[in-house]
Amino acid sequence: MSAVLEVIDLSKAFDGVQAVRNVSFSVPAGELIALIGPNGAGKTTCFNLINGQLVPDAGVVRLDGKRIDGLPPRQIAHKGVSRTFQVAATFASMTVRENVELALLAHARRDGVLFERRPAAWHDRADALLARTGIGALANIHCATLAYSDVKRVELALALANEPALLLMDEPTAGMAHSMRSELMRLAVDLARGDRLAVLFTEHDMDVVFGFADRVIVLDRGSIIAEGTPDAVRANAQVQAVYLGPDEGA
Ligand SMILES: Nc1ncnc2c1ncn2[C@@H]1O[C@H](COP(=O)(O)OP(=O)(O)OP(=O)(O)O)[C@@H](O)[C@H]1O
Ligand SMILES: [Mg+2]
């Protein structure tokens, strides 16, 4: 199976701190891969290197076989890399549907397609994405008044408006009530399996990691120290020593 995302020997240092060191991994279509590790391990830096917010010191990033490292973030997004953030951001004064319409419009503009003048067309496309993310009933609600777990779903709908091949989710369930976390992750699994998205996510909630990831990659001080199935990673002595602790690994 060919990978949607391929990262080869990626490295990045900040003022003498080697944040990411010779990191290589791949993410195939239809799978959720978790990138985990202690605070400061280099997870967010990896995301920033993949989506172009940072330029790698060395290494290669390929999307569907084509190099994207060194390209500006807008261009990388346009090629099919969407990202959600640890702290979800939407336009609070606009309705849920308006937020998604704006994202669709931005994507269409980048595509250079003819401007669709009929508002109903944007409505319909936005509503399809809202239905896909389970928030169809909230279309006319202003984002400012949404529950946080629903804002996370809006953020996902905005990411999908870009028609991504690769979805990067930085701590998707951070700040959410425990009961809501599984629901959001089930949606992410559904998107991966149903729409053949490649999903890479970071997460500190080990129930989420071991419950939903197909494979887990563990970073420590910039380097990959383990990679494999959730069960194999949980049982890995080095992972337990630097991150999980004996209880979580048991
Ligand atoms: N823009 C920057 N300038 C300088 N140092 C940075 C910068 N971004 C990250 N770092 C450093 O690089 C290392 C990796 O940070 P990174 O944010 O990637 O970790 P992380 O694994 O995402 O951690 P967390 O779990 O806390 O989010 C840390 O030592 C951090 O201080
Ligand atoms: Mg981080």
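What distance separates the centres of domain 1 and domain 2, taken over C-alpha atoms? In this predicted model, the answer is 26 Å.

## Two domains

The domain assignment divides the chain into domain 1 (1-80 + 164-250) and domain 2 (89-163).

Contact between the domains involves 12 residues of domain 1 and 11 residues of domain 2. On the domain 1 side, α2 (73-78) and α6 (178-195) each supply at least two of the residues that touch domain 2. The most come from α6, which gives three residues. By class, this side of domain 1 has nine nonpolar residues, three polar residues and no charged residues.

## The largest nonpolar core

In soluble globular proteins, nonpolar side chains tend to be buried together. The largest nonpolar core in this model has 70 residues. Among its members, V100, A157 and V199 touch the most others. Helix α5 (residues 148-161) provides the largest share of the core, with eight residues. Where does this core lie in relation to the two domains? It lies between them, because domain 1 and domain 2 both give residues to it.

Leaving aside neighbours within four places in sequence, which residues is V100 in contact with? They are A126, L129, L130, A157, L158 and A161.

## The shell around ligand 1

Ligand 1 is surrounded by F14, V17, A19, G37, N39, G40, A41, G42, K43, T44 and T45. Sorted by class, the shell has four nonpolar residues, six polar residues and one charged residue.

Two elements, β2 (17-28) and α1 (43-50), each supply at least two residues of this shell. Helix α1 gives the most, with three residues.

## Helix α1

Is α1 largely enclosed or largely open? Seven of its eight residues are buried, so α1 is largely enclosed by the rest of the structure. The buried residues are K43, T45, C46, F47, N48, L49 and I50. Of these, K43 and T45 are also listed in the shell around ligand 1.

Just after α1 comes G52, which takes a positive phi of about 90°.

How values were computed. Residues are numbered from 1 along each chain as its sequence is written. Chains are lettered from A and ligands numbered from 1 in the order in which they are written. This is a predicted model: local features need pLDDT of at least 70, side-chain atom pairs count only at pLDDT 80 or more; totals for chains, interfaces and linings use all residues. A nonpolar core is a set of buried Ala, Val, Leu, Ile, Met, Phe, Trp, Tyr and Cys residues joined through C-beta atoms within 7 Å. A residue is buried if 20 or more other C-beta atoms lie within 10 Å of its own, exposed if 12 or fewer, and partly exposed in between; C-beta atoms are placed from the backbone. Helices (H or I, at least four residues) and strands (E, at least two) are DSSP runs, numbered from the N terminus. Domain bounds come from an automatic or database domain assignment. Two residues are in contact if their C-beta atoms, placed from the backbone, lie within 7 Å. A residue is near a molecule or strand if its C-beta atom, placed from the backbone, lies within 6 Å of it. Ala, Val, Leu, Ile, Met, Phe, Trp, Tyr, Cys and Pro count as nonpolar, Asp, Glu, Lys and Arg as charged, and the others, Gly among them, as polar.
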